[in-house]
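The exercises below are meant to be worked through with the sequence and the structure side by side. Try each task before reading its solution.

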Amino acid sequence: MAADAAEEHVERRADEHFERLLATYGSPLYVHDLGRVRQAYGDLAAALPEGARIYYSLKANPHPGLVAELVRAGARAEITSRGELTAALEAGCVAGELLYSGPGKTPGELDEAVAQGVRAFSVESFGDLERIGAAGVAHRVTADCVLRINAAGAPGDAGLRMTGSASQFGFDLDVLLSAPARLRVPGTRVAGLHFFPLTNARDEAGLVAEIVQSIRTAAELRDELGLDLRLVDLGGGFAAPYAVPGERPRYPGLRAAVTEALDASLPGWRTGAPVVAFESGRHLVGDSGTLLTTVTDVKDSKGTRFAVLDAGVNHLGGLSGLGRLLPMKARPLGGGEGEPQRVTLAGPLCTPADLLGRAVEIPGLRPGTVLAFPNVGAYGLTASLLGFLGHRAPAEVLVDGGEVVSATRLALHRHQVPAAGEHSAVTAVTEATAGTTGTAARS
Ligand SMILES: *Cc1c(COP(=O)(O)O)cnc(C)c1O
């Protein structure tokens, strides 16, 4: 009873704060709490082998203020595009400490990345390695390459599998072992291995089994191929709730189990040979974010009540788009009045696919009611259909200890593109910033 009352009090205080922010910055509005980002980083660092490196995957949320907070906490950045490179540099990352990954890196992108000082790449194929090498040779540098491995994983199913079957990601083991000579590419040095077998793993035992298997595979490949392992990136898969209430899972047994496996297979890891790294997006920033959206209309149609919101799949959940509605769960600020009613939550887009909830039970929705979607710090705005129908993006407010430290709005804008011949590196870099226009790091 007392705990409930305390919880209600905390929720009321949070709602009042949200209402003040809405009054200042308008609806819809993303609010990100930097304190929660620090907490998530600390929790993850404590769950991993001591001293392991943590890469933050900007894909989850490239807001430079969030990236900067994670970098201050000790994270490095894992990037996959010009836009993420720009966001990482804007956030204060050192180019030489970035890890550039992802399939389909183009010669142009690679050239720019190397020109900006990026020196570490995750490699998806022999062709990828050759293109990285060409950029390295052009700039007279050696690019450190970690080979992404598409290995059959541990038994059991702990999440969405990213490897083990046909995949655009990484090298199949037999492909790699059949042509080791192709790993000698001027402008590159094979510096290690990269695994990312699954994502959003709630089951700790399954996740640990997968990581342990990757460690064994790394040791076997080192011996088979005679690799000098400087970096072994064991990926991640650390989970977080998405647009529903709830807490990040904890992994209390992971540190001991993975440390034991490292000591057994890669004993040099304790002195940094190899450096052991993990990656995370959603687990680090997911619970920092809330989307506040206002009901603009309530109407009944053939027995179904619709509440139309000022945010839809253009601002949240667009990644899941394609006909698959995630089970999101919003709550009305102030708790709402009256009994819960069954209602379908529609966004403002002119498509029946724009739904943020089907037949959900929420009390007292009328025009002006504000709904809060919790746990949307990852895969929110930039994973959505921002350009579709041209609605303005929500403002994004970063708060720390209740204080607003940054308020920005992401904008897509059209600008002239020079013809290919005149397309200098400088112009291209300016273009890349379009993805992050309007955002700014704290300070
Ligand atoms: C998407 C991705 C991540 C981040 O995934 P999360 O589930 O958000 O932690 C990390 N590494 C790679 C290679 C990815 O593709």
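A residue is called buried when its relative accessible area is under 20%, exposed when that area is over 50%, and partly exposed in between, with a 1.4 Å probe and protein chains only. The model is a predicted one, in which local features need pLDDT of at least 70 and side-chain atom pairs count only at pLDDT 80 or more, while totals for chains, interfaces and linings use all residues. Residues are numbered from 1 along each chain as its sequence is written, and side-chain values use heavy atoms, with hydrogens and water left out.

**Exercise 1. Describe the protein as a whole.**

Begin with the secondary structure: the protein has eleven helices and 20 strands, where helices (H or I, at least four residues) and strands (E, at least two) are DSSP runs numbered from the N terminus. Next, turn to burial, where 52% of the 443 residues are buried. Finally, take the contacts (heavy atoms within 4.5 Å): of those with a separation of 6 or more, 72% are between residues 24 or more positions apart.

**Exercise 2. Find which residues surround the ligand, and which polar side-chain atoms lie beside its atoms.**

Third, look at individual atom pairs. A polar side-chain atom of K59 lies 2.9 Å from an oxygen atom of the ligand, and an N or O atom in the side chain of Y379 is 2.6 Å from a ligand oxygen atom. For E279, a polar side-chain atom lies 2.4 Å from a nitrogen atom of the ligand. The ligand on its own has 390 Å² of accessible area (Shrake-Rupley method, 1.4 Å probe), and the protein covers 93% of this area.

**Exercise 3. Work out how the aromatic rings are paired.**

Start from the rule that rings of Phe, Tyr and Trp (its six-membered ring) pair if their centres lie within 6.5 Å, with planes under 30 degrees apart counted as stacked, over 60 as edge-to-face and the rest as tilted. The structure holds four such aromatic pairs.

Take F126 and F171, whose ring centres are 5.0 Å apart and whose planes stand at 70°, so the pair is edge-to-face. Since F126 lies in helix α6 (residues 126-138) and F171 in strand β8 (residues 171-172), the pair ties together parts that are 45 residues apart in sequence. Both F126 and F171 are buried.

Now take F238 and Y251, with centres 5.7 Å apart and planes at 65°, so this pair too is edge-to-face. F238 and Y251 are both buried, and ring pairs link F238, Y251 and F278 into a cluster.

**Exercise 4. Decide whether L21 is buried or exposed, and find what is in contact with it.**

Locate L21 in helix α1 (residues 2-25). Its relative accessible area is 4%, so L21 is buried. Leaving aside neighbours within four places in sequence, L21 is in contact with G26, L29, V31, V397, V399 and V404.

Terms used. Polar contact = N/O pair within 3.5 Å; in protein donor to acceptor, adjacent residues only side chain to side chain.
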